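I opened this entry to record what I looked up, item by item. The structure goes in first, and my notes follow.

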2 protein chains.
Amino acid sequence: MYHHPDLPHPHLPRSQGLGDGLARQLAEWISGGGAGPGERLPTEKQLVERFGVSRAVVREAIARLKADGFVETRQGAGAFVAARPGQGSFKLGSMADDDLNHVFDLRAAVEAKAAELAARRRLPEDIAAIRAAYQAMQQALQSGQAGAEADDAFHAAIAVASGNPHLGRFLDYLAGQFSASRALTWSADAIADGRAAASQAEHAAILLAIEAGDTAAAAIAATRHVENATRRAKENTPC
Amino acid sequence: MYHHPDLPHPHLPRSQGLGDGLARQLAEWISGGGAGPGERLPTEKQLVERFGVSRAVVREAIARLKADGFVETRQGAGAFVAARPGQGSFKLGSMADDDLNHVFDLRAAVEAKAAELAARRRLPEDIAAIRAAYQAMQQALQSGQAGAEADDAFHAAIAVASGNPHLGRFLDYLAGQFSASRALTWSADAIADGRAAASQAEHAAILLAIEAGDTAAAAIAATRHVENATRRAKENTPC
DNA sequence: TCCGGCATATTTGTCTGATAACCAGACAAA
DNA sequence: TTTGTCTGGTTATCAGACAAATATGCCGGA
């Protein structure tokens, strides 16, 4: 029996249930190099004794780690650290304040690629969808209404037009991580002081480049739009 | 008590444990629109009766769905579909054959952004690391050895030099999804027929552009490198 | 009628003990 | 050497129970 001298201290936070706390601690221990890929974890019995919880809690924690791709279990043999622990999915980690720029770098890169590919394919029905969303925004702008939904539809249509489903899904994921930001573009303040109009002008540049099939211009216009949108979003936050 | 008439049939595959099968089935049911965000899932008791398994299995399945961000549970209240089910992390779905191009689109976009940012920051120690990896590849090329590790180090150094940790982590994730491809660049065949040398020439272009602080050239060189690497990797596969 | 407090049922969280399925290694037999 | 068997250990599943948090309905008072 191997002893695992460097397991974390048996002090589980009551934050969100014992199983959650134990799963966190084990994941941290693995990520921190406590056990390399393919190595065996302590048995359920050992974990029960060390952390002073029941086997049900241990099994719930292991189940979560399995779902996250950190460990794999084999009946009768034990639980083992996965070959590439935690690399079954991509997570944007902490969201500190200066971190927002970093996320927008990612968004700018992918959004530009989507626009570029859309300009290359230029399927009529895809362009029609982009243009429809653009006109919806235009109408919202002239009537002073909020056009956040049309804005979403505009970018989603470009992603579809790129012909690469991964781009749209990744942008969707990114959008979900800072959901408030696109709505900010269409706040009452932003409409009043012309920021919404500026955003719409950039949308026009993207649309024209895509319609013209100018891939380089589309990429540049999309990059510029995301960069400016980042700056505009930051102007909105007080302090 | 609500009845949920459209739950999947209670026929769990014995493939990888009952809990795994049940988790899959519930996730599918939720994704397929069986229950919208915020809606309540059947109680554990109901699931036990419907699927003919014990409560432990049901709880393991729920634990996995919690880890994946599909559901949230509240003691005494029940289990509820999360606000944005499954959007806590980004997963590259199926990896069909023509899908590889789509993944490389993502990689090209992010790799170009990393090179661009690296050229903008141009920190001396970062550039030194990039150059060191480049020279290691050069040496490997001249001696006919494999330089896959140096290749990895080269791209990782650029990601670090970008100053944006997310870029490196995302590229790492992408690389893990098609792990064989970069090794192909340094296979015996690729070294012999000059493909490795071509790759190295592109590396040189990236390095020079970063050293010169030419952001546009760095982005273009990185994009071209990924595109060519994609083509070279495909030449290697028979058929 | 409306509203706050209270008892009660429901539901998830945790614990305990048991049985079955399975694996790895040791050991004996062919 | 190979094969079969045995044994101890481990995970998977089951069953039942209690604790803790929540939802619900009832009832009295305003």
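I began with a working definition: a residue is near a strand if its C-beta atom, placed from the backbone, lies within 6 Å of it. The model is predicted, and I read everything below with that in mind.

**DNA strand D.** With that cut-off I looked up the surroundings of DNA strand D and found 21 residues. The closest are Gly76(A), Leu18(B), Ser54(B), Gly76(B) and Ala77(B). I noted the classes as seven nonpolar, 10 polar and four charged.

**DNA strand C.** Here I listed 22 residues, with Leu18(A), Ser54(A), Gly76(A), Glu44(B) and Thr73(B) nearest. Two or more residues come from each of helix 1 (18-31) and helix 3 of chain A, and helix 2 (44-51) and strand 2 (78-81) of chain B. Helix 3 of chain A gives the most, three residues. By class I recorded seven nonpolar, 10 polar and five charged residues near DNA strand C.

**Chain A against chain B.** I looked up the contact between the chains, and each gives 31 residues. On the side of chain A, helix 3 (55-67), helix 4 (99-121) and helix 7 (165-177) each give two or more residues. Which of the elements has the largest share on this side? Helix 4 of chain A does, with 10 residues. This side of chain A has 15 nonpolar, seven polar and nine charged residues.

**Helix packing in chain B.** I checked helix 4 (residues 99-121) against helix 10 (residues 195-212) in chain B: the angle is about 35° and the axes are 7 Å apart. From helix 4 of chain B, Ala115(B), Ala118(B) and Ala119(B) meet Ile206(B), Ala209(B) and Ile210(B) of helix 10. I counted six nonpolar residues in this contact, with no polar and no charged ones.

**Cores.** The largest nonpolar core has 76 residues, and Ala115(B) and Ala218(B) are among those with the most contacts inside it. I followed up Ala218(B): beyond four places in sequence, its contacts include Ala115(B), Glu116(B), Ile206(B) and Ile210(B). A second, separate core has 39 residues, including Leu18(A), Ala67(A), Ala79(A) and Ala35(B).

Definitions and conventions. Residues are numbered from 1 along each chain as its sequence is written. Chains are lettered from A and ligands numbered from 1 in the order in which they are written. This is a predicted model: local features need pLDDT of at least 70, side-chain atom pairs count only at pLDDT 80 or more; totals for chains, interfaces and linings use all residues. Axes are lines fitted to C-alpha atoms, for helices over the stretch in contact, and angles run from 0 to 180 degrees between N-to-C directions. Helices (H or I, at least four residues) and strands (E, at least two) are DSSP runs, numbered from the N terminus. Two residues are in contact if their C-beta atoms, placed from the backbone, lie within 7 Å. Ala, Val, Leu, Ile, Met, Phe, Trp, Tyr, Cys and Pro count as nonpolar, Asp, Glu, Lys and Arg as charged, and the others, Gly among them, as polar. A nonpolar core is a set of buried Ala, Val, Leu, Ile, Met, Phe, Trp, Tyr and Cys residues joined through C-beta atoms within 7 Å. A residue is buried if 20 or more other C-beta atoms lie within 10 Å of its own, exposed if 12 or fewer, and partly exposed in between; C-beta atoms are placed from the backbone.
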